[in-house]
Amino acid sequence: MFENERRMIVPLLGAPGAKLTSTTLKQNLSDAEIQFQSLYKLYERFKPDAMLPFMDLTVEADTLGLEINFPEDDNPAVKSHSVKDFESLEEIKKSWNGVESRMQVFVDVVAKMSKELPSEVAKLAYVIGPFTLVGELMGVEYASIATIENPEFIKELLDFSIEVISEYSNALFNAGADALVVLEPTSMLLSPRSYKKNSLEAFKTLSNKVGNKPLILHICGNTTHLIKGMCETGTVGLSLDTPMDFPQISKQIPNNIQLIGNIDPIEVMLNGTPEQVEKETRKFVNKMKGIDNFILSTGCDLPLGTPLENIDAFMKVGKEWKEGLIG
């Protein structure tokens with residue numbers, strides 16, 4: 001999907017689409033038809049170069065039977081991180097019956113995207129990263145400590161997580177996804193050495209299990225300390241968050257890896273005015289002048305409350321940049 005020379009505009013849309021269908025976030029995350037209609041209306045209004053489903057870090061944990069706090073109009077979250085030892089891991093393994101439940105919802109969304117959206121629009125999808133799923137299963141704090149105190153257990157959990165994510169990933173690819181965005185926010189807490197052992201190698205294994213189809217890596221926060229390792233994963237793109245200095249970090253990114261981001265989804269897109277969004281986006285693309293492996297996006301997914309007029313302003317500047325009028 002990144003083989004041509006054209007500039008691409010790929011905001012991480014999703015949740016704001018609920019406004020266009022007068023539906024709740026929970027309805028969209030639970031019903032493929034409702035979510036697709038929200039996404040289609042987003043596409044009709046903004047015409048980005050790629051579309052993604054709604055971002056939801058609980059899909060895999062939910063399918064594995066963990067208890068989820070699921071409000072109507074806020075992001076769901078894992079309520080109980082119950083996998084703390086080998087015995088509880090064996091129990092959770094028994095609950096894994098393949099792609100079903102809300103995993104199937106998102107597979108169906110991707111199938112609808114593949115069928116209904118124009119062929120020139122890249123169809124992407126999200127999966128949770130292996131180490132982040134470990135954090136969801138046992139709790140982030142426990143996972144971080146266990147990388148040092150109980151590495152054998154972490155290895156078992158990572159192997160199981162890769163099994164679950166790879167099966168889900170293959171279903172998404174089979175449904176028509178052109179690439180997957182692997183969400184690994186918990187990896188931001190790791191040292192470079194621990195990242196290589198507990199995240200980088202897991203990403204490579206996942207890549208092998210999906211036939212080396214294109215995977216994009218997304219890690220939230222300031223990941224400057226992990227950039228070298230992230231570039232060694234085999235990823236086709238790095239989706240990086242707002243704290244990252246893109247003009248500086250671009251010097252470390254090989255040309256065969258796309259640098260994707262990173263307009264602030266909160267301070268600019270959610271809380272700003274259309275005029276501020278236009279100003280910040282214009283300033284950003286000018287800073288990225290001459291960086292050919294750059295894709296204009298947001299630092300993370302846009303919140304439900306993001307004003308649609310702000311997305312209009314972002315896309316307006318993006319299209320001027322794409323046509324070579326700026327930057």
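**Chatting about helices and loops**

Q: Where does Asn212 lie?
A: Asn212 sits in the loop between H10 and strand E6 (215–219). Keep in mind that this is a predicted model.

Q: Is Asn212 buried or exposed?
A: Exposed: its relative accessibility is 53%, and the cut-off for exposed is over 50%. Asn212 also has a positive phi of about 55 degrees although it isn't a glycine.

Q: Which loop is Ser22 in?
A: Ser22 is in the loop between helix H1 (17–21) and helix H2 (25–30). Ser22 isn't a glycine either, yet its phi is positive, about 55 degrees. At 69% relative accessibility, Ser22 counts as exposed.

Q: New topic: at what angle do H7 and H9 pack?
A: Helix H7 (residues 130–138) and helix H9 (residues 151–175) pack at about 110 degrees, with axes 9 Å apart. So H7 is roughly perpendicular to H9.

Q: What kinds of residues make up the contact of H7 with H9?
A: There are 13 nonpolar, one polar and no charged.

Q: OK, and which residues in H8 are buried?
A: In helix H8 (residues 140–149), Ala143, Ala146 and Thr147 are buried. They cover an arc of only 110 degrees around the axis, so they are on the same side of H8.

Q: Why would residues three or four places apart point the same way?
A: Because an α-helix has 3.6 residues a turn.

Q: What do the buried residues of H8 pack against?
A: H7, H9 and helix H10 (192–209). On the other side of H8, Glu141, Tyr142, Ile148 and Glu149 are exposed.

Terms used:
Residues numbered from 1 in each chain as written. Predicted model: local features only at pLDDT ≥ 70, side-chain atom pairs only at ≥ 80, totals over all residues. Heavy atoms only, no water. Axes fitted to C-alpha atoms, helices over the stretch in contact; angles between N-to-C directions. Helix = DSSP H or I, 4+ residues; strand = E, 2+ residues; numbered from the N terminus. Parallel < 35°, antiparallel > 145°, perpendicular 65-115°, else oblique. Nonpolar A, V, L, I, M, F, W, Y, C, P; charged D, E, K, R; others polar. Buried < 20%, exposed > 50% of the residue type's maximum accessible area, 1.4 Å probe, protein only. Arc of directions from axis to C-beta. Contact = heavy atoms within 4.5 Å.
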